Amino acid sequence: MLNSQLPISIHSHLRRAFVESLFSTFLCAIVVGIVFLPDEMERSRPLKRVQFCTHSIDGKVLFALVASMNMWDAAEKNSNHLERYDLSKKVPFPQAICEKLNPQCAAVDARNGRLFLIDMLGRLYATGLDSSISTHAFHGQVPGGRPKSMACTQDGRKFIVLNHEGLFLWNVDSHAIDSHANGVASPHWSHLDGEIVCFALNPDSDTAVLGRFSESNGKQTDLVEVNIQTGETKMLFVKKGWRMVRLAISSNGRSMVGVEDSGEMMLLQRTSDSEAWEHRSIPGLCTGTSNVACFSPDSSLLITTDRYSRRLVAWNLDQKEICNKFETNPTIVVGCSFLNEDQFLSWGVDPALRVWNLSNNTLERKIQLSP
Amino acid sequence: MMINLTPNILSCLFSVSWWLVIVVSVVDAYLLFLCRDVIGEYELNPAGKVLLMIANGGVWLFLLLKFLGTVLVCTCLLVMYRKNPRLGITIAMVIACFQFGLLIFLYCA
């Protein structure tokens with residue numbers, strides 16, 4: 001009799017304990033939810049955030065690559081689209097372009113009025129910056145897809161795509177944007193090296209600098225200069241103990257910053273009569289987890305963020321000290337770009353673009369993304 | 001050395017530990033939900049990273065398993081406490097200490 005009752009007793013204990021635990025967890029979720037949920041209701045709509053932003057050569061039109069994120073719908077989460085903002089209007093109304101492409105990265109060719117886009121499968125497209133041109137042309141496919149970043153040279157004749165397989169350079173006809181026949185089908189050259197983590201184009205459009213990570217002789221990043229015409233490489237600098245995740249070069253080509261994955265930064269400079277890069281120490285130079293680093297058009301300033309990515313910091317590279325700070329709370333900054341000498345853009349995890357004025361240290365405009 | 005505690009104190013100790021386990025787990029789940037747009041970049045737990053990856057960056061699977069795990073652990077603690085109060089309290093207090101440490105880490109990080 002005892003043997004037959006024992007399983008029933010255990011079963012009953014388990015069921016009672018399970019119901020008590022379930023009820024208590026639900027109760028606790030409701031009580032804690034009263035504190036958290038009111039603010040959360042506002043956020044229950046799909047979240048939007050800018051992944052990349054660029055502008056026309058006159059700085060009057062912005063192009064933002066916007067990611068829509070919806071935690072309840074995985075397909076919606078990965079949907080990206082491009083929005084165009086006319087800054088000459090008092091309230092810039094977003095105009096969606098190339099909605100069906102779902103681009104992952106974008107690069108602007110401001111000189112020829114083009115925008116290059118790449119989707120998750122590595123398919124390359126070009127479209128016009130002019131609002132009247134809504135067509136896009138298929139320009140080829142990057143092997144392996146899944147692009148990490150892309151950039152266009154200042155002369156608009158070439159663009160580089162980096163993905164997990166390596167680096168690919170494409171020559172493009174500077175006039176054709178709407179015809180397959182004038183496009184290109186395969187890269188001009190490629191470096192199939194999965195260790196390339198980041199790159200930056202030199203303003204001369206002849207060379208680029210690659211950050212190549214290796215662990216064979218201990219953790220280190222090799223900065224390698226690559227000739228854009230031929231793909232030949234030349235070692236520039238070795239930074240031991242670092243995994244560099246971002247590189248930026250100033251518009252005069254004389255300053256370069258490298259960002260480590262922890263947010264530490266390294267400034268390299270070369271004088272006008274020397275081609276060798278030399279390390280310059282700036283006490284406290286760092287950025288946050290989003291690795292923001294952007295040079296001003298005159299190359300005298302560097303914009304970074306603080307460690308928590310909640311404040312933009314402007315560094316004077318001549319005096320090697322902080323010259324301005326811009327509060328961006330409550331948002332976390334993920335990127336910035338200069339519009340002109342006095343104005344720069346920043347974007348973060350909230351659905352807005354901010355235009356800052358350097359001459360009076362103020363937030364000049366806040367542009368909301370489309371709802 | 002054995003510390004003799006009255007059944008009331010033992011019961012109270014168990015209740016506090018048991019509720020602490022639930023509360024910290026629920027607060028952690030809400031923080032995960034609030035940070036869902038950036039959690040892919042900041043999650044440190046390898047198991048959590050795998051769950052986020054399986055759900056294509058969504059947090060629903062992570063939240064579901066966290067909820068089920070909490071209910072399962074609390075059920076086990078209750079069963080153990082009812083069979084062997086001293087063992088149940090000891091385990092509940094150890095888990096509660098871990099959870100309290102997690103709570104401090106979450107608010108400091």
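Trainee: What stands opposite Phe116(A) in strand 7 of chain A?
Mentor: Ala126(A) does. Keep in mind that this is a predicted model, where local features need pLDDT of at least 70, side-chain atom pairs count only at pLDDT 80 or more, and totals for chains, interfaces and linings use all residues. Residues are numbered from 1 along each chain as its sequence is written, while chains are lettered from A and ligands numbered from 1 in the order in which they are written.

Trainee: OK. How many bridges join strand 6 of chain A to strand 7 of chain A?
Mentor: Five, between residues 114–119 and residues 123–128, and the two strands run antiparallel. Strands here are DSSP runs of E with at least two residues, helices are runs of H or I with at least four, and both are numbered from the N terminus. Two strands pair if DSSP finds at least two bridges between them.

Trainee: And what's in the turn of that hairpin?
Mentor: Three residues lie between strand 6 and strand 7 of chain A, and Gly122(A) in the turn has a positive phi of about 90°.

Trainee: Which strands make up the open sheet in chain A?
Mentor: Four of them, in the order 1-2-3-4, with antiparallel pairing. Strand 1 and strand 4 (95–97) of chain A are the edges, each pairing on one side only. Ignoring direction, neighbouring strands are turned by 35° against each other on average; axes are lines fitted to C-alpha atoms, for helices over the stretch in contact, and angles run from 0 to 180 degrees between N-to-C directions.

Trainee: Walk me through the pairs. How many bridges join strand 1 of chain A to strand 2 of chain A?
Mentor: Eight, with strand 2 covering residues 61–69. Phe52(A) has Leu65(A) in strand 2 as its bridge partner. These two strands also form a hairpin with five residues between them, where Gly59(A) in the turn has a positive phi of about 75°.

Trainee: What about strand 2 with strand 3 of chain A, how many bridges there?
Mentor: Eight bridges, antiparallel. Val66(A) is partnered by His81(A) in strand 3 of chain A. Then strand 3 (residues 79–86) pairs with strand 4 of chain A over three bridges, antiparallel too, and Glu83(A) stands opposite Ala96(A) in strand 4.

Trainee: Switching to chain B. How many helices and strands does it have?
Mentor: Five helices and zero strands. Chain A, by comparison, has two helices and 28 strands.

Trainee: Which residues are buried in helix 4 of chain B?
Mentor: Among them are Phe62(B), Thr70(B), Val71(B), Cys74(B) and Tyr81(B).

Trainee: How does helix 4 of chain B sit against helix 5 of chain B?
Mentor: The axes of helix 4 (residues 60–83) and helix 5 (residues 85–108) come within 7 Å and cross at roughly 150°. That makes the two helices of chain B roughly antiparallel; the cut-offs are under 35 degrees for roughly parallel, over 145 for roughly antiparallel, 65 to 115 for roughly perpendicular, and oblique for the rest. Val73(B), Leu77(B), Met80(B) and Tyr81(B) in helix 4 meet residues of helix 5 including Pro85(B), Ile91(B) and Ile95(B). A contact means C-beta atoms, placed from the backbone, within 7 Å.

Trainee: And where does helix 1 of chain B come in, relative to helix 4 of chain B?
Mentor: Helix 1 (residues 7–34) and helix 4 of chain B have axes that come within 10 Å and cross at roughly 175°. Their contact divides into 14 nonpolar, two polar and one charged. Nonpolar covers Ala, Val, Leu, Ile, Met, Phe, Trp, Tyr, Cys and Pro, charged covers Asp, Glu, Lys and Arg, and the others, Gly among them, are polar.

Trainee: Last one: how many residues does each chain put into the A–B contact?
Mentor: Chain A gives 23 residues and chain B gives 24 residues. On the side of chain A, helix 1 of chain A has the largest share, 14 residues.

Key: Contact = placed C-beta atoms within 7 Å. Buried ≥ 20, exposed ≤ 12 C-beta atoms within 10 Å, placed from the backbone.
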